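Here's a quick briefing to read alongside the model. Have the viewer open while you go through it.

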Amino acid sequence: MQKLPKNALQIDPKHETERIVTAMRAAMKNDLKRRGLVVALSGGIDSSVTAVLAVKALGPGRVFGLEMPERQSASETLSLSGMVARHFGIQTAHEDISGILEAYGFYRRYDAAVQSVIPEYGEGWKSKIVSSDIMETRGFSFFSIVAQPPKGEPVKKRLPLNAYLEIVAATNFKQRTRKTLEYYHADRLNYAVSGTPNRLEYELGFFVKLGDGAADIKPIAHLYKTQVYQLAEYLDVPAEIRKRPPTTDTYSMPQGQDEFYFALPYDRMDLCLYGKNNGYTPAQVAESVSLTPEQARRVYADIDTKKSTTRYLHLSPQLVEKIAEIKN
Amino acid sequence: MSDVKSTLRQFIVENFLFGDDDGFEDDTSFLEQGIIDSTGMLELITFLEEEFSLQLDDEELIPENLDSLNNLEAFLAKKQAVQQPQ
């Protein structure tokens, strides 16, 4: 087999759009049997494309957008999500989740976990989690907290087990709170909920179980992120959204997905995952993604690790015996 | 089996295998066999630091040191020899 072509992920966006909206209509009619779709709008590329596909499939009157910022959300989140809604004629509701998170004790729990590692962390500081760079280290990947004081240089500390688990558990309140509100609106409208993961997030397990991982339909889960951008352009998603760098919008400091979870920026990660899924060796992928064969091998190993670690996120509750009468 | 290795084996078997050590050998790779994932590795490091009163540096967190009972035993012997020179 030859080296992986750089354009391996090129799709026909018109054909792909038709294929997806046909499948969405069929799922609504045959399986979900709800009158429309709720889509959480983050102002990012995935939720925007998902919302437009829902509009194409069902019409704007059957798509309900939800904007759910909290006090740590990036300032541009609301303006961009509002732009999508206006552009495609989607009705939306605005639900600021800060109060709910406060009631859960999210901010207090998160701050306490960071303070267990960086005692001076407090009012006015911002922070995020980053993972070790698998290209730079030959060891295991570990997470560190990066905290930025109001004035001064950021502090970076490797996270011990308890602090790491507490920070992740606390931040998962955000995704689960948003999903609770999505299902509230879906229930009152007799709608279903659309998830917005792309292939990288879905296959590599970058989602919160019963948080952003919960949905009745995931229309772009099969599309690599590069392909989502191709669809976005075809579907006339506003350029401001298409040009925005992917962000997790989960922590108070800006956090790129590739510094927290993925080993590479999305376009190269896409090619590595596609190459691995389609029988290319690391050496055959390396040149196309500007890596050495050894680096590509590490990315392949990292993909295996992530899939194995996050397998349980995809699993349904385990039963002692299969209930044959329940058809999935 | 050394005391150290026995302590390590007991921790791995009880904590990650729920007591079922079938097929778990001294040279079994924790990662390749899916016994320990990345969060599990953090648990292992916390255990090592508390049980053996050690501080592990970032550059020591590599498979050659941590990814099997044999590797762990050798790493701990080296580490403790440095910390407590005779």
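The expected span of a helix is 1.5 Å times one less than its number of residues. Keep in mind that this is a predicted model, where local features need pLDDT of at least 70, side-chain atom pairs count only at pLDDT 80 or more, and totals for chains, interfaces and linings use all residues. Residues are numbered from 1 along each chain as its sequence is written, while chains are lettered from A and ligands numbered from 1 in the order in which they are written.

**Helix α3 of chain A**
- α3(A) covers residues 76-88, which makes 13 residues, and runs 19 Å from first C-alpha to last, close to the expected 18 Å.
- Its buried residues (20 or more other C-beta atoms within 10 Å of their own, with C-beta atoms placed from the backbone) are T77(A), L80(A), S81(A), V84(A), A85(A) and F88(A).
- Looking down the axis of α3(A), these buried residues stay within an arc of 140°, so they line one face of the helix; the arc is that of the directions from the helix axis to the C-beta atoms.
- S79(A) and R86(A), on the other side of α3(A), are exposed, meaning 12 or fewer such neighbours.
- The buried residues of α3(A) pack against α2 (45-58), β2 (63-67), β3 (91-94) and α9 (239-242) of chain A.
- Just past α3(A), G89(A) has a positive phi of about 70°.

**The two domains of chain A**
- Domain 1 of chain A is 13-103 + 166-314 and domain 2 is 104-165; such bounds come from an automatic or database domain assignment.
- Taken over C-alpha atoms, the centres of the two domains are 25 Å apart.
- Their contact (C-beta atoms, placed from the backbone, within 7 Å) takes 22 residues from domain 1 and 21 residues from domain 2.
- On the domain 1 side, α6(A) gives the largest share, seven residues.
- That domain 1 side splits into 13 nonpolar, four polar and five charged residues. Nonpolar means Ala, Val, Leu, Ile, Met, Phe, Trp, Tyr, Cys and Pro, charged means Asp, Glu, Lys and Arg, and the others, Gly among them, are polar.

**Chain B**
- α1(B), residues 3-16, has 14 residues and reaches 20 Å from first C-alpha to last, close to the expected 20 Å.
- F18(B), which follows α1(B), has a positive phi near 50°.
- 10 residues of chain B are in contact with 12 residues of chain A, and the chain B side divides into four nonpolar, three polar and three charged.

Technical notes: Helices (H or I, at least four residues) and strands (E, at least two) are DSSP runs, numbered from the N terminus. Two residues are in contact if their C-beta atoms, placed from the backbone, lie within 7 Å.
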